[in-house]
Amino acid sequence: MADIDKIKEIVDRIHDTQNITKEELEILLSLNEEDAEYLTTKAREVRESVYGKDVYIRGLIEFTNYCKNDCLYCGIRRSNKNADRYRLSLEDIMNCCETGYELGFRTFVLQGGEDAYYNEDRVCEVVKTIRDKYPDCAITLSIGEWPKESYEKFYKAGANRYLLRHETADSCHYAKLHPEEMSFDNRIQCLKDLKEIGFQVGCGFMVGSPYQSVDTLFKDLQWIKELQPHMVGIGPFISQQDTPFAGKESGTLEMTLRLLSIIRLIHPRVLLPSTTALGTIHPLGREKGILAGGNVVMPNLSPTSVRKKYALYDNKICTGDEAAECRYCLQERMESIGYHVVTDRGDSKL
């Protein structure tokens, strides 16, 4: 059997069963761009059968870069004395939402470190204020691990979605990326709690993170199958100069695209972002991510004065662009590959 025939057989089986073996994963991750064309095409077909040519936009508001955690890969880890810390006020956040709403955003994503100032009450106040002013919009939180009772309060205040990357579904790998006080079991339990409460839930992982292997990636895919999240956010690992992983090799465009396509095949109705990190490692990274099966992009609504301070990794793109520039730039980029940005909440079709 010719290599390309073997590839087609593997991809068709994954498509038909919505499952993958570790051996199949290893083969697909080793493909070059030309050999992966059938995988990419099949993933794109599945994506278009569910979501058509629509690309959903999320307005990202990075409202605090304070964080109590000390994750080894993250530029806003508490031990980074070089981080220029900031917090947006409620007024600042609402100004971002107002700008975003005028630009057609109907989902706001509030992302930040685990900041003690933004306690349960303050988070609820922010969510309720946005919900009252923009009842037609989805509100997404991405603010880390909390007790289940806190998640319930956020949900009752008006939050619809919650993004919490699991980072790795392998407990030993998790321990190599995080300090001792952080618990793999707690991270997994948080995701289960969020789904049980009724949130549209997003998990995800870094591609090419230190100590990652085919074994750990296979566990990630199995966890996605088990959790059945509404969204999966993956992007290449990119090192940050003030972390213990400074200078570590970044994840590759090719492997990220392969995994985007595989996730689309095993979880056809998932919301799948083409991330800023992809655009950081390749000028056309976000376009390639959409063509590999993605259907979400997340332009930044944060004030330009703080964009560079939210430095999870080095060389992040779009830190100097105004919100309107980000929005219309991405619209043009999507149109250049035959897709169109829609003014829509972009809810999951699970």
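Biologist: How many cavities of 30 Å³ or more does the count come to?
Modeller: The count comes to six cavities of that size, where a cavity is a set of points on a 1 Å grid over the protein atoms alone at which a 1.4 Å probe fits but cannot get out. This is a predicted model, in which local features need pLDDT of at least 70 and side-chain atom pairs count only at pLDDT 80 or more, while totals for chains, interfaces and linings use all residues. Residues are numbered from 1 along each chain as its sequence is written, and side-chain values use heavy atoms, with hydrogens and water left out.

Biologist: OK, what volume does the second largest cavity have?
Modeller: Its volume is about 90 Å³, meaning the space filled by probe spheres set on grid points that are joined across faces, edges and corners.

Biologist: And which residues line the second largest cavity?
Modeller: The lining, made of residues with an atom within 4 Å of a point, consists of Arg58, Thr107, Val109, Thr140, Arg161, Leu163, Gln200, Val201, His230, Met231, Leu271 and Met298. At least two lining residues come from each of strand S3 (107–112), strand S5 (161–163) and strand S6 (200–207), strands being DSSP runs of E with at least two residues, numbered from the N terminus.

Biologist: Let's stay with Arg161: buried or exposed?
Modeller: Arg161, whose place is in strand S5, counts as buried because its relative accessibility is 4%, and buried means under 20% relative accessible area with a 1.4 Å probe and protein chains only.

Biologist: Which side chains does the side chain of Arg161 make a polar contact with?
Modeller: One partner is the side chain of Thr107, at 3.0 Å, and another is the side chain of Asp347, at 2.7 Å. Such a contact is a pair of N or O atoms within 3.5 Å, one able to donate a hydrogen and the other to accept it, and residues adjacent in sequence count only if both atoms are side-chain atoms.

Biologist: Switching topic, how much space lies in the largest pocket?
Modeller: About 200 Å³ lies there, a pocket being an open set of points with protein on both sides within 12 Å along at least five of seven lines.

Biologist: Which helix gives the most to the lining of the largest pocket?
Modeller: That is H3, with three residues, and helix H3 (37–51), helix H10 (253–266) and helix H12 (285–291) each supply at least two, where helices are DSSP runs of H or I with at least four residues.

Biologist: Which residues line the largest pocket?
Modeller: They are Glu33, Glu34, Glu37, Thr40, Arg44, Leu257, Arg258, Lys288, Leu291 and Ala292.

Key: Buried means under 20% relative accessible area, exposed over 50%, partly exposed in between (1.4 Å probe, protein chains only).
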